Amino acid sequence: MTRSLRTHLLLLYVLLAVVSGIVIPLFSVWLSVNGFHEYQVQRRHANFEALADALTDLYSEDGKWDKRRVMDILRPAPQWMGMTIKLNNSDGENIFTLTPMSSFRRNRKHNENPAPRNGKSEFFNIKLSLDEKIIGFLNIERRMPTTTFEQAFSAYMIKRMMTGAVIMIIAACGLGFFVAGGLSRPVIRALERTRQISRGEYDLNSKIKNTGIREMDDLSRGVEDLSRSLAGQEKFRQRLMTDIAHELKTPLTATMTQIEAMADGVFEATPERLELCLSEMERLGNLIKSIESLTRLEGESLMIKLEHVNISEFLNSVLNTFEPLFKRDNINLIRKINNNITADIDPEQFRHVIDNLLSNALRYTPEGGSVETRLFKRDKNIIIEVEDTGTGIAPSDLPHIFDRFYRTDESRAKVTGGRGVGLAIARAAVEAHGGKISASSEYGKGSCFKIII
Ligand code: ADP
């Protein structure tokens, strides 16, 4: 059975009220009544012992039982109320008896009425002896009252407590109703927001109402963050689909137009025209490959195969393969590589990353420019930087260059051959290594890409 948070909290409040208003006081009453009862029993026993001692002393003084002197000691006194006390000699003959009635008569002047009795009695027999010789027997019968003081006290306390408990429960219900309402409201609001989000209603202007309860505010903030992130992803997904469609359409349309024209006999199927169609097809194939590798890399980013690699040597070997291309384009390739820097990386994935940065630097740096690759250690981090003196990236493009299929208008216009996925793949790979990749750029002057692992 599921209960609402509000009912749950309310029940908790009532439970607390019952425990603190009934269970705990009941236990304290039980403890004090028990303690008091124990005290009374001990006090009675002490009185009997004292009486027995006094009678024994009397006997030792007189050498026999003197009824008159016994009467002086066994005077009716309040402590003997409701008791029959008999003193018998060693032969069992009665010397003196103190009855409850005589006690009652004597104590009336003290205004002490005997408590009503319930008919049951308690017996105490004490053997009186002097020098190991039995001199008599003290038989005490205590008739039990129908209600003891302890019972009356507990009944009184329980009655008062019940009244208190009822008031406490009513107060707890009232208080619980407000407190539970205050606590459950933000949860209900967050729930309602998640339902809206699942229906695709992101409402990015939704305001968070602060409750003053940290966890509740964090929950609301978390839901709003989720909404923003999902809205962003949704936007990104839509843009991704448009971009893929656009990227696929251009080479497809170009090829189709060519082939149709050749089929209709408008153009002759010359080797050059067929070559053009083939290159468009290749472009298409490359694009599909990029999409494939991007999806695979993002999906498998958690399954990297780490190897202990000398990064200095690794980077130099990648630069060696690029050297002829840089020479061909007349771009100066500068290396500032510190020796013997090692790390655990997946060499295959890392090669893609460096390849991408160097191909971009090559692609976006004009003839006569230079590209500097640096490798060094700072604290516990290994830093790789690729800096070029190329076109640079406009500040408005900079935050997006690591997004999938993002290409600056400039690079589209120039038709640099890029697909806008290289940096997205690089970021996925670096992040899979627990590292970070970032870019800084001065538009028109050059860019610098930095990897920290
Ligand atoms: P592409 O394959 O189009 O180069 P990337 O993901 O590698 O895709 O890069 C995304 C965009 O970032 C590029 O289209 C380009 O506009 C910009 N860019 C990347 N590297 C550089 C660079 N070194 N200089 C200037 N712009 C760059």
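Which helix gives the most to the shell around the ligand, and with how many residues?

Reply: This is a predicted model. Helix H8 gives the most to the shell around the ligand, and its share is four residues. H8 spans 347-364. Helix H10 (422-432) and strand E11 (446-452) also belong to the elements that each supply at least two shell residues.

The shell itself holds 21 residues, of which Asn360, Asp388, Thr408, Gly420 and Leu423 come nearest to the ligand. By class, the shell has ten polar residues, seven nonpolar and four charged.

In aspartate 388, a side-chain N or O atom is 2.9 Å from a nitrogen atom of the ligand. For serine 447, a nitrogen atom of the ligand lies 3.4 Å from an N or O atom of the side chain. Of the 530 Å² of accessible area that the ligand has on its own, the protein covers 97%.

Now to how H8 sits against other helices. With H10, the axes come within 9 Å and cross at roughly 145°, and the crossing is left-handed. On the H8 side, the contact is made by Gln349, Val353, Asn356, Leu357 and Asn360, and on the H10 side by Gly422, Leu423, Ala426, Ala429 and Val430. Asn360 and Leu423 are also among the residues that come nearest to the ligand. The contact of H8 with H10 has six nonpolar and four polar residues, and no charged ones.

H8 also packs with helix H7, residues 311-328; here the axes come within 11 Å and cross at roughly 35°. This crossing of H7 and H8 is right-handed. H7 contributes residues including Phe314, Leu315, Val318, Phe322 and Phe326, while those from H8 include Phe350, Arg351, Ile354, Asp355 and Leu358. By class, the residues of the contact of H7 with H8 divide into twelve nonpolar, three polar and two charged.

Definitions and conventions
Residues are numbered from 1 along each chain as its sequence is written. This is a predicted model: local features need pLDDT of at least 70, side-chain atom pairs count only at pLDDT 80 or more; totals for chains, interfaces and linings use all residues. Side-chain values use heavy atoms; hydrogens and water are left out. A residue is near a molecule or strand if one of its heavy atoms lies within 4 Å of it. A polar contact is a pair of N or O atoms within 3.5 Å; within protein, one must be able to donate a hydrogen and the other to accept it, and residues adjacent in sequence count only if both atoms are side-chain atoms. Accessible areas come from the Shrake-Rupley method with a 1.4 Å probe; for residues, only the protein chains shown count as cover. Ala, Val, Leu, Ile, Met, Phe, Trp, Tyr, Cys and Pro count as nonpolar, Asp, Glu, Lys and Arg as charged, and the others, Gly among them, as polar. Axes are lines fitted to C-alpha atoms, for helices over the stretch in contact, and angles run from 0 to 180 degrees between N-to-C directions. A crossing is left-handed if the near helix is turned anticlockwise from the far one by less than a right angle, and right-handed if clockwise. Contact means heavy atoms within 4.5 Å.
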